[in-house]
Amino acid sequence: MKKDVQEILIHALLPLLKEIGAEELSASDIQLDLPADVQFGDLSTNIAMRLASRLKKPPFQIATKLVELLRAHSSKNGLDECIENIKVEGAGFINFYLSKVYLHNFLQGILTEGSEYLRVNLGKGEHVLVEFVSANPTGPLSVAHARQAAVGDVLANIFNFLGYNAKREYYLNDEGNQINILGNSVFLRYQELIGKAVEFPEDHYQGEYIYDIAQKVRDLEHKTSAEEIKKLNFPEYAADHILAIIKEELIDFGVKFDYWTSQKALHTSGKIEKVLSLLKKNDFIYEQDGAEWFASTRFGDDKDRVVIKSDGSYTYLAPDIAYHQDKLHRKFKRLINLLGPDHHGYINRLKAAVAALGEDPQCLSVVIVQLASISREGKPVQMSTRRGQYITLREVLDEVGMDAARFFFLMRRTSSHLDFDLAIAKKQTSENPVYYVQYAYARIASILRNVSGEYKVALADLNLLKEKEELLLMKKIWQLRFVLEACVKTIDPYLITVYLQELAESFHKFYDLHRVLTDNPELTSSRLSLIKATQITLGAGFEILGVSRPDKM
């Protein structure tokens, strides 16, 4: 049975807090983190610093007392089974050092149960909906959409790995002015193809893909009549064609949505009218200057928002409110929306809408994913000449492949601009982080492939693993759970790419300094066990990232 060190430490500390006069604290008040430097232990808490003003004592004094009490009760609270040492360091941090026995047992669990042993039921099945990409079907996906796709898909994977029930959703804005402009763009290009002179407006969609759709319309002439072509709903035809392209691109990028929600269907369902009627009934909508306004300032927004314009048409906010009510009605307890950097203003109004619907606005998290730029050997890549407007996801996939694309799009915090260097992503050297981590996996596969059956990996004596690099590698394996928890807390998956590079580095350092296949069969079996557990952990990380696990490179 896997022992949860974090849970053991929290339950050990909680009664002691009452003993020193902080009885009002609960388990959620005790925060345990991975220290930035391994010399300061394997887990650390700043609880003494947080209690200093309340107890009117120096943090170091509080920490020293807590450590004294922890040691006195170590046989009862289970610490002696997993913690080798406890120290008060710095201004009053309490740092915990894992025991070798615990690390060996953790390794054995991975060898016995595989990647399932690394999973943690943190979410207890809570339903989470991650909405991302949601690009209007007016053109192929850009690299900005691609970054959102990678972030959203991997976030959902992380939530599911930690015991949540996370689903992916694409909100399809398939009606309105932009769809009408798209349809007219295709119609005008079709007119050109049949020999008619047209004046193409500057605000219409450019690029070869518009000609591609227009050519498909012309091809229909061979299957139907000119009269039928005149009846064709160009906006709907064009949007459906582009949506098929988007779906194909996302599948090739390894992204599969559980739900595709249509704004047009939302409109025809009557849900928009119903939710606005509900808000009116609760006095959250008022009339002014011929328009109808949502009183969002009552829920923390900086200004009230128009939901129905003076001409009777809806603003973007009206269907958004109905859409979020629909999410809540589907019993999702946590909503995560990934939006582009031009959507900062949406955060407060969406949270206000959730609050007006009677729900806790904290159930909605809006994450702004910054843009990505594409370069080659440090020089910016010019925008696509084929598509006429921007670099597309398809162009990146064609040049570097899915693995590199997914990994590189996650290599910076979502709040930071990302520079994606195509040249580095294609290198077969350690300069390419994707190659570096996958090579560690393949290197281990090669070693394991060439060992004889005399080595009993699952039954090895792990007590023989005593070298510094062996212990550091075991500790790095153990850290996966805490890295994933940090991803959930920050709603940002980028840390998993950092972790995998660090895990690969720990393995390479160990391998460069210590022979795996030694003259001692027992030691060889132990080290084979260590690298097998490393491979399983790397594989779990690759599964979360949605990249391949190569046995050969």
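A: Two strands count as paired if DSSP finds at least two bridges between them; strands (E, at least two residues) and helices (H or I, at least four) are DSSP runs, numbered from the N terminus. This is a predicted model, in which local features need pLDDT of at least 70 and side-chain atom pairs count only at pLDDT 80 or more, while totals for chains, interfaces and linings use all residues. Residues are numbered from 1 along each chain as its sequence is written, and side-chain values use heavy atoms, with hydrogens and water left out.

Q: In which sense do strands E7 and E8 pair, and over how many bridges?
A: Strand E7 (residues 285-288) and E8 are antiparallel, with 4 bridges between them. Gln288 lies opposite Ala291 of E8. The hairpin of E7 and E8 has 2 residues between its strands, and Asp289 there has a positive phi near 55°.

Q: Which strand pairs with E8 over 3 bridges?
A: That is strand E9 (residues 305-308), again in the antiparallel sense. In this pairing, Arg305 of E9 is opposite Phe294.

Q: Which way do the side chains of strand E8 point?
A: In a regular strand, side chains alternate between the two faces of the sheet. In strand E8 (residues 291-294), Ala291 and Trp293 point one way, while Glu292 and Phe294 point the other way. All four are buried, where buried means under 20% relative accessible area, exposed over 50% and partly exposed in between (1.4 Å probe, protein chains only).

Q: In what order do the strands of the sheet with E12 stand?
A: The order is E13-E12-E14, in an open sheet of 3 strands with mixed pairing. Strand E13 (379-380) and strand E14 (418-421) each have a single partner strand and stand at the edges, so one side of each has no neighbour in the sheet. Strand E12 (residues 372-376) runs parallel to E14, and 4 bridges join the two. Ile374 has Phe420 in E14 as its bridge partner. Helix H15 (residues 393-409) packs on this sheet and touches E12 and E14, its direction making about 135° with that of E14. Such axes are lines fitted to C-alpha atoms, for helices over the stretch in contact, and angles run from 0 to 180 degrees between N-to-C directions.

Q: Where is Thr414 placed, and is Thr414 buried or exposed?
A: Thr414 is in the loop between H15 and E14. Thr414 counts as buried because its relative accessibility is 5%. Contact means heavy atoms within 4.5 Å. Not counting residues up to four places away in sequence, Thr414 touches Arg147, Val151, Val367, Ile368, Val369, Gln370, Asp492 and Pro493.

Q: What does Ala214 touch beyond its neighbours within four places in sequence?
A: Ala214 is in contact with Val186, Arg189, Tyr190 and Leu193. Ala214 belongs to helix H8 (residues 208-220), and its relative accessible area of 0% makes it buried. From Ala214 to Gly195 there are 19 residues in sequence and 13 Å in space, C-alpha to C-alpha.

Q: How many helices and strands does the protein have, and what share of its residues is buried?
A: There are 21 helices and 14 strands, and 53% of the 553 residues are buried. The C-alpha trace spans about 85 × 60 × 40 Å along its principal axes. Of the contacts with a separation of 6 or more, 71% are between residues 24 or more positions apart.
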